[in-house]
Amino acid sequence: MNSKDTNPKQLGDWQYLGREIWRRSWQPFKNVPFVFYVILAIICLGGLGIWVEIIKGQLGQSADDSGLLTALSTFFPALIGSASLQLILSSTGNSDKVLVSFSLLACFISFFGVVLITIFYPFHPAWSLGAAVWFGIFAVWFWWFTNGDELTYQNAPIDAASGGSTSRAVKGNLSEFKVD
């Protein structure tokens, strides 16, 4: 990809958002530490309350799905909310209003979703549980989307040089620079 492919000023906002979603969804699969982190930390440990409720249900200790719904309904807003705030903070520093807007939309939908799930659970428990599962999947993807570019989770030295192709022209000039 060149700078035009990821520069919102040279692309339309929708095209830029689409490319970022595509790139951030598939590129992290190359990084084994990132994938293992998502599986171990986010899904296994972060979703521990969900796993406890699933095991209780399988052992016959839970007569209904209200505990599972509660575990899911506390998992996904927390994960989406924290990833959303992280994306807002990192995108604001880059003046990337497209990703800030996308992050705010995801956060709003998450909290609106938990309110609707809570309201409709007494009338449509299966639908509410299904919606909570899909929100949980979305929450893991959104965390993935937010953190896929983080060097912390990549198998590369943190201080490795980055900045694109070495064949591109460097911005600025040194005409006023003098060495004594």
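The following questions and answers walk through a predicted model and the terms used for it.

Reader: How many of the residues count as buried?
Author: The chain has 180 residues, and 34% of them count as buried.

Reader: What do the contacts say about separation along the sequence?
Author: Take the contacts between residues at least 6 apart in sequence. Of these, 68% join residues at least 24 apart.

Reader: How is the packing of two helices described?
Author: Two values are used: the angle between the axes and the distance between them.

Reader: Why are α4 and α5 called roughly antiparallel?
Author: Helix α4 spans residues 66-93 and helix α5 spans residues 97-120. Their axes cross at roughly 165°. Angles over 145 degrees count as roughly antiparallel. Therefore α4 and α5 are roughly antiparallel to each other. Their axes come within 8 Å, and α4 passes α5 in a left-handed crossing.

Reader: Which residues make that contact between α4 and α5?
Author: From α4 they include Leu69, Phe76, Ile80, Gly81 and Ile88. From α5 they include Leu99, Val100, Cys107, Phe111 and Val114. By class, the contact of α4 with α5 has 15 nonpolar, eight polar and no charged residues.

Reader: What makes α1 and α6 roughly perpendicular?
Author: Helix α1 covers residues 13-26, and helix α6 covers residues 125-147. They pack at an angle of about 95°. The range for roughly perpendicular is 65 to 115 degrees. The pair α1 and α6 is therefore roughly perpendicular. The axes are 8 Å apart.

Reader: Which residues meet where α1 packs on α6?
Author: Glu20, Ile21, Arg24 and Ser25 of α1 meet Trp141, Trp144, Phe145 and Thr146 of α6. This contact of α1 with α6 divides into four nonpolar, two polar and two charged residues.

Reader: Why do α1 and α5 count as roughly perpendicular?
Author: The angle between α1 and α5 is about 70°. Again the range is 65 to 115 degrees. So α1 and α5 are roughly perpendicular to each other. Here the axes are 10 Å apart. In α1 the residues are Asp13, Tyr16, Leu17, Glu20, Ile21 and Arg24, and in α5 they are Val98, Leu99 and Phe102. The contact of α1 with α5 has six nonpolar, no polar and three charged residues.

Reader: How do you know whether Glu20 is buried or exposed?
Author: Glu20 is in helix α1. Its relative accessible area is 3%. Buried means under 20%. Glu20 is therefore buried. Its C-alpha atom is separated by 8.8 Å from that of Leu99, 79 residues apart along the chain.

Reader: What puts Glu53 in its burial class?
Author: Glu53 lies in helix α3, residues 48-58. The value for Glu53 is 16% relative accessible area. The cut-off for buried is under 20%, so Glu53 is buried. The side chains of Glu53 and Lys56 are joined by a polar contact of 3.4 Å. Leaving aside neighbours within four places in sequence, Glu53 is in contact with Gly67, Leu68 and Ala71.

Reader: Why is Val115 called partly exposed?
Author: Val115 sits in helix α5. Its relative accessibility is 43%. Buried is under 20% and exposed is over 50%, with partly exposed in between. Val115 is therefore partly exposed. The C-alpha atoms of Val115 and Ser73 are separated by 9.2 Å. These residues are 42 apart along the chain.

Notes: Residues are numbered from 1 along each chain as its sequence is written. This is a predicted model: local features need pLDDT of at least 70, side-chain atom pairs count only at pLDDT 80 or more; totals for chains, interfaces and linings use all residues. Side-chain values use heavy atoms; hydrogens and water are left out. Axes are lines fitted to C-alpha atoms, for helices over the stretch in contact, and angles run from 0 to 180 degrees between N-to-C directions. Helices (H or I, at least four residues) and strands (E, at least two) are DSSP runs, numbered from the N terminus. Angles under 35 degrees count as roughly parallel, over 145 as roughly antiparallel, 65 to 115 as roughly perpendicular and the rest as oblique. A crossing is left-handed if the near helix is turned anticlockwise from the far one by less than a right angle, and right-handed if clockwise. Contact means heavy atoms within 4.5 Å. Ala, Val, Leu, Ile, Met, Phe, Trp, Tyr, Cys and Pro count as nonpolar, Asp, Glu, Lys and Arg as charged, and the others, Gly among them, as polar. Buried means under 20% relative accessible area, exposed over 50%, partly exposed in between (1.4 Å probe, protein chains only). A polar contact is a pair of N or O atoms within 3.5 Å; within protein, one must be able to donate a hydrogen and the other to accept it, and residues adjacent in sequence count only if both atoms are side-chain atoms.
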